[in-house]
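Reader: I would like a close look at one part of this model, the place where its two chains meet. Please state the cut-offs behind each term as you go.

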Amino acid sequence: MKQLMLGNAAVARGLYEAGCCVISSYPGTPSTEITEEAVKYPEIYCEWAPNEKVAMETAFGACLAGKRAFCAMKHVGLNVAADPLFTMSYTGVNAGLVIGVADDPGMHSSQNEQDSRHYARAAKVPMLEPSDSAEALEFAKLAYELSEQFDTPVLLKMCTRVAHSQSIVETAPRVEPAVKPYEKNIGKYVMMPGNAIRRHPFVEERTRKLQAWAETASIDRVEPGRDHKIGIVTSSTSYQYVKEVCGDTYPILKLGMIWPLPDQKLIDFARSVEELVVVEELDPIVSNYCSALGLAPSGEYDLPRLGELSQNIVADRLTHTFPMGRTIDDPIPPRPPVMCAGCPHRGLFYTLSKNKCTVLGDIGCYTLGAVAPLSAMDMTLCMGASISAVHGFNKARGAEAESRTVAVIGDSTFMHSGLTGLANIAYNQSNSTVIILDNSITGMTGHQQNPTTGRNIKGDPAGKIDLEALCRAMGFERVRVVDPYDLKATDAAIKEELAAAAPSVIISRRPCALLKYVEHSAPLAVDPVKCVGCRSCMKIGCPAISIKGGKAQVDATLCVGCGVCEQLCGVKAFRSTKKEG
Amino acid sequence: METKNIMIVGVGGQGSLLASKLLGHLLMEQGFDVKVSEVHGMSQRGGSVVTYVRYGSKVSSPVIDRGEADYIVSFELLEAARWLSYLKPDGQIVTSTQQIDPMPVITGAASYPEDLVEKMRAAGAKVDALDCLALAEEAGSAKAVNIVLMGRLSHYFDLPDEAWQKSLEAIVPPKFLELNKRAFELGKKA
């Protein structure tokens, strides 16, 4: 059946059709929907793991047990899971194992724009790179065949424009591969030096075999062109931009497998054209590979190494013509993302800002605490870094820093990689203050459950980790919970814990205002007679509050009545719109 | 057929995903190749969001670039102006007149430009502006702005009304179907 399908949903469909049985992932834009779509197929066991390393090792265990398995993550998640990846390359697989990784060129929702293709080369595992939803589905299935044929994990690389674009796919029924027998094989699966030394030659030989396969494989295909002045090597969404601009004017070598690359096919293609052009997003990986083969691509067509490509960028380099649009003279103010009205993080960041704290932050919705007017964040690096870094900051500067420096980390990020940092504080003893922002969900990626929510990926009851008990068990004697809607209590907690001569954890607890089960109070309104236009309520950066005609005004369609603004008003101008009785 | 381009622009959370879903369904039912491109994640939190809908006999790129849009459908005036450079020389803007202050305007760091509809027209754009929020509220919910806009957009398409109705029925949950049909009609007739 033909249907319009999101790239990530098409990967999930491909996994289903290939008979995948176990999926373990950690959410991360733009990879999240693969697992959210896969869970809709009852034949596949799906779960959210605490982090990508755990997810990948879980998938490995499942493939070792004889069933086709999968894990998905964003590009930076693959950094976390790199450890198992590099050695899984040596062990190989039992049943097929596919790893979905989604890059985010242009950083729509990421802290960097690293190019995951480096991992395929570095870990010596094959990587397939679809260019639309139909290929996402097809390549997911092919990945399992390659995995089992060549005894290797296979990387399936998505990017934002393939993951989050819908295009037409044709679906097929699921095949149910027989469960592979599990046989103990110490030489293959126990990677101690003596065994790993014997596995490494297998890895090198496997790459040569995969290269030979690629020489004739149809996923690395030459599309003929009329004009042989240039020939274009490309893949993924870059291929779509090239087709948009050039149609079938120039010959194209369209790569479906980005690692390993078919040397002879590249050489033959380069010889068939006057000049070789490589169109690829981010790093010059294929370009440098061609150079190493002595096929130096023409420098005249060099593409930017920053951000996403587009048809205009490709057209600019290849045909030197592209349309220009009209504009108006007025400057258009930017519209950056903001914390939602009623976001529980707002009261906490306001309090940190008021106390002039140094705030070492982490990855999640609360990173928006860095945005004006709150501007209450000093550092964001990667998942879990807030806790480890506050310890280092305090060790470097001592008591002076300990009295005003905090780490802030969300509940999901804490479970992802905050625990080990906390263990370091407990063990090596800095008087650090760690604030866990427990909004009872993984927020930024669109509400995924995690080990602290008590629900699994299907929303069914699951194990629930008790954060207070966990911190106490690690040796923290000062563990307290505050409601971030209560500014006075939040302020007192922060002041006391910063002053305390012991490490402490503050759990700032209130569910995300967007969760369906959260009941909101009636919106607030401003009494224009009482309001003196002092702008005190503007310090919290709530999108529901603005100043019109010198007076504060509340947008009733956005306000959820959290009451944080009310606590800042010196003249009691805010009132509830709740009807009496 | 040459590829046609529709951009749906607005503020995160305004319902552009449902509008693009409706267009995707409608155009696929007409036998076109279709690509719809969305952005998920951080910008959905009240930021500027854009969805690209492309259709024709064969669509390659999933995105629309500067100077390429046949239609820009906008939930908010400032967003229409922000994406103006993406409009084709003879392209059409269909926009709600709603204004939502972005944070730099709220904090006083920037100001919201005035008379945007006139300025966009002066720049040579065809602009169809209407108060979609009022029409959506008249239909029964402020959230139906997306479907009011789709009703208005249907003016510019040479497609039978039944095709739009069929896609509405396929996309909108039954509970909200009547409301959204009203919203579509109000947008169409406005």
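Author: The strands concerned, β8(A) and β2 of chain B (residues 33–37), run antiparallel and are joined by two bridges, where strands count as paired if DSSP finds at least two bridges between them, and where helices (H or I, at least four residues) and strands (E, at least two) are DSSP runs numbered from the N terminus. This is a predicted model, in which local features need pLDDT of at least 70 and side-chain atom pairs count only at pLDDT 80 or more, while totals for chains, interfaces and linings use all residues. Residues are numbered from 1 along each chain as its sequence is written, chains are lettered from A and ligands numbered from 1 in the order in which they are written, and side-chain values use heavy atoms, with hydrogens and water left out.

The contact (heavy atoms within 4.5 Å) takes in 58 residues from chain A and 58 residues from chain B. Together the two chains bury about 4,700 Å², of which 59% lies on carbon and sulfur atoms; buried area here is the accessible area, taken with a 1.4 Å probe, that two parts lose on being put together, summed over both. Of the area that chain A buries against chain B, 20% is supplied by R326(A), P333(A) and R335(A), more than by any other three residues.

One of these residues, R335(A), also meets E79(B) through their side chains in a salt bridge, at 2.5 Å from N to O, the rule being a side-chain nitrogen of Lys or Arg within 4 Å of a carboxyl oxygen of Asp or Glu. Across the interface of chain A and chain B that rule finds five salt bridges. The side chain of E79(B) is in turn in polar contact with the side chain of S48(B), at 2.6 Å; such a contact is a pair of N or O atoms within 3.5 Å and, within protein, one must be able to donate a hydrogen and the other to accept it, with residues adjacent in sequence counted only if both atoms are side-chain atoms. S48(B) belongs to strand β3 of chain B (residues 48–56), and S48(B) counts as buried because its relative accessibility is 19%, the limit for buried being under 20% relative accessible area, with over 50% exposed and partly exposed in between (1.4 Å probe, protein chains only).
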